[in-house]
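Here is a short tour to read with the model open beside you. Take the topics in any order you like.

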Amino acid sequence: MMVSIPPDAMLAVESAAAIVAEELQLAHRWLNSDVQTRIDALPHGWERRKVLVGQFGRLRVFAASRLDLIAMKVLAGRAQDIEDLNAMRVRADDLRFVQTYLDDLTARGSNREQIEVARMLLDALEIHDAE
Amino acid sequence: MRSDELDNLTRRWSSLGAGFDVELPSAVGDLAPHGDIDLERLLLDTARYAPRSARVFIMAATWLHVFGDLVAKHRLKRLIRDELEPEHHATLGLLLDIAQQGSHPLEFQTVIKHLKPAPGQAQDVPQPLFYSARTNAKLAELARRKASPISHRWNLWCEAFEFKLDAMRPAAWMMARHPSLRTRADFRGDLRASILASLQHDARAGESELRLARMAGGSRAQVRSAIANLVMTGRIARRASSASRREITIQHAASPDFE
């Protein structure tokens, strides 16, 4: 998931990414900005929780917080997300946050089947509170 | 499985242009003792270890979808027969089957027909492809529910995924690191590619024509014809063995003592 603020700044970032791709011989579209399409699925308050990665000239880069990352991975629910969730050693308070997030998505009328599958995944995750 | 085996697998794929967040060694030799990645054995290792990592599996499928021509099919079939444990056959079958979707003719069909779906477990129940879901009944049920039709055919459930084409480095980058892949590309994975790969990676493959045929996975007649072509183009040399006039030694042109 990538969010650009302001949104049109992404054009400048993509131009810079194309130069980096040329210099480092990366895939032309190595910086995948298409993921902005699911911005509606971000948990409420994600902006408050975001974590500064670094400032690069006029570009400030943030990462999603642990809670938001866990929530998005539960919603996505792909095999690689499940591996990531296992590696993140999800705790009970993380699960409560995701539960609230899924309730909120339900209230907003998001894809019902996707939310149902996400709830199944949430129910299946191992909890690591005892550590 | 130790995590360093998965790390090594990831680094080898990364060296072939798959986009992973790993540090590449400055020299390919650090990953491949013979100077180039042994592509066919990399596929066997992928079948063994990629069920530990969905990202590795998806990137391997993507790479094979784009560069399937580079795989030496005869040698891959021989290595499957001689070296790949039966419990990993279905994983490799599924990987190749997914990778060949959209190719005409189907790129790996000649290999796939030698692979079988995973046998049922005790209750004749298929299982998730990825280990992360195998030991958790609820995750296994989720995997079954989301499994693609292809994965059902192989009795290894995994969700359909899009190839990660935007995570692949340009072919020129890969060819610069692995020059032998250029020749493989020219041969489009035919028996000549298998012969060159065997000479490079299989112990004593050039000891005799018979042994080379065995290692490369072709019939004696097919291999003899392919050798003639490779000798003509200067890619290999053959000479009488000192031990017996009827034996020959076959050398890869990339070999340091090639004359």
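In which helix does Asp45(B) lie? The answer is helix α2 of chain B, where helices (H or I, at least four residues) and strands (E, at least two) are DSSP runs numbered from the N terminus. This is a predicted model, in which local features need pLDDT of at least 70 and side-chain atom pairs count only at pLDDT 80 or more, while totals for chains, interfaces and linings use all residues. Residues are numbered from 1 along each chain as its sequence is written, chains are lettered from A and ligands numbered from 1 in the order in which they are written, and side-chain values use heavy atoms, with hydrogens and water left out.

**Around Asp45(B)**

- Asp45(B) counts as buried at 15% relative accessibility; buried means under 20% relative accessible area, exposed over 50%, and partly exposed in between (1.4 Å probe, protein chains only).
- The side chains of Asp45(B) and Arg12(B) are joined by a polar contact of 2.8 Å. Such a contact is a pair of N or O atoms within 3.5 Å; within protein, one must be able to donate a hydrogen and the other to accept it, and residues adjacent in sequence count only if both atoms are side-chain atoms.
- Leaving aside residues up to four places away in sequence, Asp45(B) touches Leu9(B), Arg12(B) and Ala50(B), a contact being heavy atoms within 4.5 Å.

**Chain B as a whole**

- Chain B contains 14 helices and four strands.
- Of the 259 residues in chain B, 51% are buried.
- Take the contacts in chain B between residues at least 6 apart in sequence: 65% of them join residues at least 24 apart.
- Chain B has an accessible surface of about 12300 Å², with 50% of that belonging to carbon and sulfur atoms; areas come from the Shrake-Rupley method with a 1.4 Å probe, and for residues only the protein chains shown count as cover.
- Ser3(B), in helix α1 of chain B, is exposed at a relative accessible area of 53%. Between Ser3(B) and Arg52(B) there are 9.3 Å in space, C-alpha to C-alpha, and 49 residues in sequence.

**Salt bridges**

- The whole structure holds 35 salt bridges over all chains, each one a side-chain nitrogen of Lys or Arg within 4 Å of a carboxyl oxygen of Asp or Glu.
- Arg75(B) and Asp38(B) form one of these, at 2.8 Å from N to O. The pair links distant parts of the chain, with Arg75(B) in helix α4 (residues 73-83) and Asp38(B) in the loop between α1 (3-15) and α2 (39-49) of chain B, 37 residues apart.
- Arg75(B) is buried at 0% relative accessibility, and Asp38(B) is buried at 13%.
- Asp202(B) pairs with Arg78(B) in a salt bridge of 3.2 Å, N to O. Because Asp202(B) lies in the loop between α12 (191-201) and α13 (209-216) and Arg78(B) in helix α4 of chain B, the pair ties together parts 124 residues apart in sequence.
- Both Asp202(B) and Arg78(B) are buried.
- A network of salt bridges links residues including Asp38(B), Arg75(B), Arg78(B) and Asp202(B).
- In chain A, the salt bridge between Asp93(A) and Arg91(A) has its closest N and O atoms 3.4 Å apart. Asp93(A) is partly exposed at 37% relative accessible area, and Arg91(A) is partly exposed at 35%.

**Helix α6 of chain A**

- Helix α6 (residues 112-124) of chain A has 13 residues and reaches 19 Å from first C-alpha to last, close to the 18 Å expected; the expected span is 1.5 Å times one less than the number of residues.
- Asn111(A) caps the N-terminal end of α6(A), with a side-chain oxygen 3.0 Å from the backbone nitrogen of Glu113(A).
- Buried residues of α6(A) include Ile115(A), Ala118(A) and Leu122(A). Among the elements covering the buried residues of α6(A) are α3 (66-76) of chain A and α8 (137-146) of chain B.

**Backbone details**

- The peptide bond from His104(B) to Pro105(B) is cis, with omega near -5 degrees; Pro105(B) sits in the loop between α5 (89-99) and α6 (109-112) of chain B.
- Arg89(A), in the loop between α4 and α5 of chain A, has a positive phi near 50 degrees.
- Arg188(B), in the loop between α11 (180-187) and α12 of chain B, also has a positive phi, near 50 degrees.
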